[in-house]
Amino acid sequence: MNAELAFIGGSGFYNPDLLENPTTVAVKTPFGPPSGDIVLGQISGKNCAFLARHGAGHRFSPSRINYRANVYALKTLGAVNVVAISAVGSLKEEIEPLAIVIPDQIFDRTRLRTNTFFDDICVHIGLADPFCLDLSHALWQAAQKVGCSIEKGGTYVCIEGPQFSTRAESNAYRRMGFDIIGMTVMPEAKLVREAEMCFSMLATVTDYDVWREEGVTIETVISNVKKNAASTQRIIQEVVSHLPVKDGTCECRHALKDAIVTSPEAISAEALDKLRPLLGKYLK
Ligand SMILES: [Zn+2]
């Protein structure tokens with residue numbers, strides 16, 4: 001199957017209500033099991049896939065999500081575009097709770113997560129712009145069309161969690177000019193780029209983080225994401241009807257070209273077998 005668009009739902013966004021004719025598939029990967037079964041179905045007649053990032057019953061904390069298995073599974077299902085839906089806190093007064101942001105940059109503060117598919121070989125991909133500019137623009141246009149007010153651009157600082165940040169950290173991130181804060185965009189963005197898929201995000205703002213609030217509660221986070229679920233679904237529905245955004249010409253789709261440093265003869269048969277869905281086309 002060739003899924004035009006895969007979307008990964010985060011906290012509070014567990015049900016892909018917008019998929020028609022849904023079926024679920026359990027995908028096995030050499031990196032272990034994904035967070036859960038993947039739901040396949042159609043939106044506006046196009047094949048799409050949905051994965052709940054935290055698994056059924058929200059089992060996995062941000063540090064324990066098997067990001068590699070999730071992204072690998074979507075790649076083997078033929079996905080070419082991946083949209084992450086994530087709950088975030090706001091670090092700016094003007095980005096109010098219930099706003100939706102399409103960030104364009106990431107600052108990675110995670111430290112306990114495996115962040116590459118390439119354990120056994122040396123691959124250096126470019127990540128200057130971690131989100132696909134074309135897909136992000138298409139999402140923004142879709143939001144305009146369905147009448148959702150949306151912030152385009154902004155830096156997402158990704159913390160390890162699972163605790164929310166301290167007030168000192170939150171204030172420091174503000175001074176560094178970051179816009180939103182969350183726990184899951186990394187290493188998701190790195191892995192999606194390594195898998196040569198386009199990546200973008202609808203970040204739903206749930207709270208003002210602790211720089212402005214007494215504290216962040218998970219109840220507020222989940223209840224605000226649910227309030228935004230209808231808007232995010234409408235945006236996804238609209239963007240799907242306009243895919244492909246650009247006929248596979250964007251740079252994300254060629255991220256591994258000139259990035260594989262290890263010579264082909266130095267790659268073991270075992271590594272090649274595992275990585276074939278990702279880089280097979282470059283190693284004849
Ligand atoms: Zn792209």
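What share of the contacts in the protein chain with a separation of 6 or more is accounted for by residues 24 or more positions apart? In this predicted model, such residues account for 82% of those contacts.

The protein chain contains 7 helices and 11 strands. Along the principal axes, its C-alpha atoms fill a box of roughly 55 × 40 × 35 Å.

The largest nonpolar core comprises 79 residues. The members that touch the most other members are Ala 6, Ala 49, Val 82, Val 83 and Leu 139. For one of these, Val 83, the contacts beyond four places in sequence are Leu 5, Phe 7, Leu 139, Ser 200, Met 201, Leu 202 and Ile 236.

Thr 206 is part of strand S11, which spans residues 198–207. Thr 206 counts as buried because 29 C-beta neighbours lie inside 10 Å, where 20 or more are required. When neighbours within four places in sequence are left aside, Thr 206 is in contact with Ala 87, Gly 89 and Pro 97, as well as with Thr 220, Val 221, Asn 224 and Val 225. Val 146 lies 60 residues from Thr 206 along the chain, and the C-alpha atoms of the two residues are separated by 21 Å.

Note on methods
Residues numbered from 1 in each chain as written. Predicted model: local features only at pLDDT ≥ 70, side-chain atom pairs only at ≥ 80, totals over all residues. Helix = DSSP H or I, 4+ residues; strand = E, 2+ residues; numbered from the N terminus. Buried ≥ 20, exposed ≤ 12 C-beta atoms within 10 Å, placed from the backbone. Contact = placed C-beta atoms within 7 Å. Core = buried A, V, L, I, M, F, W, Y, C linked by C-beta atoms within 7 Å.
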